[in-house]
Amino acid sequence: MTRDMRFPRHTIFILLTTLFSLFLNLSYGYRESDRRESNSSDNNTIEIGIRDVDSREIGSRDIDSRENYSRESEDTLTVSDAVRFLSKYVAIPSVSGQENEAAYWLAQQCADKGLHIEYITNSPGSVNFTASLYPLSSQKPNIVFLNHMDVVFAGDHKLWKYPPFDGVIADERVWGRGSFDNKGLAVIQIFAVEQFVDLAAKEELPFNVTVLCVSGEETGGITGSALVAKDFIERLNPMVVIGEGGSGMEDLSFLDGAGPLFGISIAEKGCMLVKLSWTSDNAGHASIAGNYASLMMINGLHKLLNAPHPIILTREAELMFSSVGKKLGGIKGKVMSKPSSKLFMSFLKQHALKNPELNEILTNKITLSTLETSKTSYNQISNVESAILDCRLLPGETPEDIINFIKNTILDSLVQISVVEQGPVPLTTEPEYFFNLLAYAIESEFEGASVVPMLLPASTDNSYFRALGVPVYGLNPMIVSPDQLKAIHSYDEFIKFVDVDRGIDVFVSFLKSALPVFDERH
């Protein structure tokens, strides 16, 4: 299930902006926060767990001796250790299926920081490892931070401001493919957990903390999280999983300058690939063709892809809207805090079809991914035509719901429908202890911040762990800008220094506040 076809992960906040611009006639602007410099920690070397990492596995590239490419002088540029670490990590290409070099380098760096390394799988194109305060064999209840090492293709390198795999440091940003999605988040997680290595060595903490680094997320997670969740969940023993998901936006005027708005994802859309096939006995010369397979496919797809999907206010979307309404306050906030009311539903139905961002969290979605045809001469009609559809399901919707929608829309008895691939059934994590701790950590780091639960109109590796009943939250602990969102999976991807450094502070605060919770519950 290629992740390129999905709705961009962080556009949920473009959705919120659209929603309030329509409902309240408001707009937002972006103001970049002051940069903070994170505290560095001493590195410790330990014996690596199940399999030692040999530096020779990193390959011929000598990453540590590589000098950072900077467009600014060192005299005027303050760069934290975490930012420099990320620059080196981005400089190791790791397109899906080619993660090994980056994985071995990252595992060695984590080991050098004193974390216990365990390889869950280790084969070409499927390297998945954990970096933990304690060995997984301790079977301590585990807080698991999830990230993926693979990135999407960079496309034409000439269209980039800086080379996509150089990890350029310039303009208070790290530039390159994966800097935001998802290597930046990995560095934030690793540097946060590193700050507890000495404490874990001195005291027997009641829990473990693990950074889980996986392959293949951008191609559906089959070589990564799907394997981990299926065969190794007991070894991980997770109490909570925190992966990618929501972020923050600043200067949303509907909050009257109160501070940034953050969303923590508690649910996301499910994903499945559906194949539609048309077969016709008519495979003759093109000049005398009748009702042939290609024509039937075109007519069927035209009806299907132009058919509106019914508006569905899921419980998750209702919780998101109501939470924002409570933050907003006043008459307008009161209306939004009751999203199932006739007034608000009327608004949603009126604007959903005109605004794709809003429509995404209120409807299922079907996108044409691929066309397939039997090979013929140019003047010979093919008797078999197929189309692959990327289908995104709202929580509570089933594969049968999508298939029935397709059948009832196309109304063609000759079409054959089959499910090619299906991800986990979309489930929801009800906000609980860890949601509150994450929200508190965000509010502590970002003055005046508001935090709400959100439905992510996309599919990530988080779904594999939610499907097992594990509490899972999606959070990129940073404030993002519109140009940053636009660059995800596109050219000129970047992450700001401040994103990395303040993100570390958020997760450190979260882990510190988790200690008394664990003492109380265990």
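A residue counts as buried when its relative accessible area is under 20%, as exposed when that area is over 50%, and as partly exposed in between, with a 1.4 Å probe and protein chains only. By this rule glutamate 360, at 6% relative accessibility, is buried, and buried residues make up 58% of the 522 residues in the chain. The model is predicted, so local features need pLDDT of at least 70 and side-chain atom pairs count only at pLDDT 80 or more, whereas totals for chains, interfaces and linings use all residues. Residues are numbered from 1 along each chain as its sequence is written, and side-chain values use heavy atoms, with hydrogens and water left out.

**Overall fold**

- The chain has 17 helices and 15 strands, where helices (H or I, at least four residues) and strands (E, at least two) are DSSP runs numbered from the N terminus.
- With contact taken as heavy atoms within 4.5 Å, 81% of the contacts between residues at least 6 apart in sequence join residues at least 24 apart.
- The accessible surface of the chain comes to about 21100 Å², of which 50% belongs to carbon and sulfur atoms; accessible areas come from the Shrake-Rupley method with a 1.4 Å probe, and for residues only the protein chains shown count as cover.

**Nonpolar cores**

- A nonpolar core is a set of buried Ala, Val, Leu, Ile, Met, Phe, Trp, Tyr and Cys residues joined through side-chain atoms within 4.5 Å.
- The largest such core holds 103 residues, and Phe129, Leu133, Ile143, Phe321, Phe507 and Phe510 touch the most other members.
- Helix H17 (residues 497-521) gives the most to this core, with nine residues.
- A second, separate core of 20 residues includes Val274, Leu301, Ala307 and Ile406.
- Beyond its neighbours within four places in sequence, leucine 133 is in contact with residues including Leu115, Val193, Phe196 and Val209.

**Around helix H12**

- Glutamate 360 is found in helix H12 (residues 356-360), and its side chain makes a polar contact with that of lysine 365 at 2.9 Å; such a contact is a pair of N or O atoms within 3.5 Å, where within protein one must be able to donate a hydrogen and the other to accept it, and residues adjacent in sequence count only if both atoms are side-chain atoms.
- Leucine 362 is placed in the loop between H12 and strand E10 (365-373), and leucine 362 counts as buried because its relative accessibility is 0%.
- Not counting residues up to four places away in sequence, leucine 362 touches Pro310, Ile311, Ile312, Leu313, Phe321, Leu348, Ala352 and Leu394.

**Salt bridges**

- The count comes to 15 salt bridges, each being a side-chain nitrogen of Lys or Arg within 4 Å of a carboxyl oxygen of Asp or Glu.
- Lys269, Glu360 and Lys365 are linked in a network of salt bridges.
- The side chains of arginine 466 and glutamate 268 meet in a salt bridge (3.6 Å, N to O), a pair that links distant parts of the chain, with arginine 466 in helix H15 (residues 462-466) and glutamate 268 in strand E8 (residues 261-268), 198 residues apart.
- Arginine 466 and glutamate 268 are both buried.
- Lysine 230 and aspartate 231 also form a salt bridge through their side chains (3.3 Å, N to O); lysine 230 counts as exposed because its relative accessibility is 65%, whereas aspartate 231, at 45%, counts as partly exposed.
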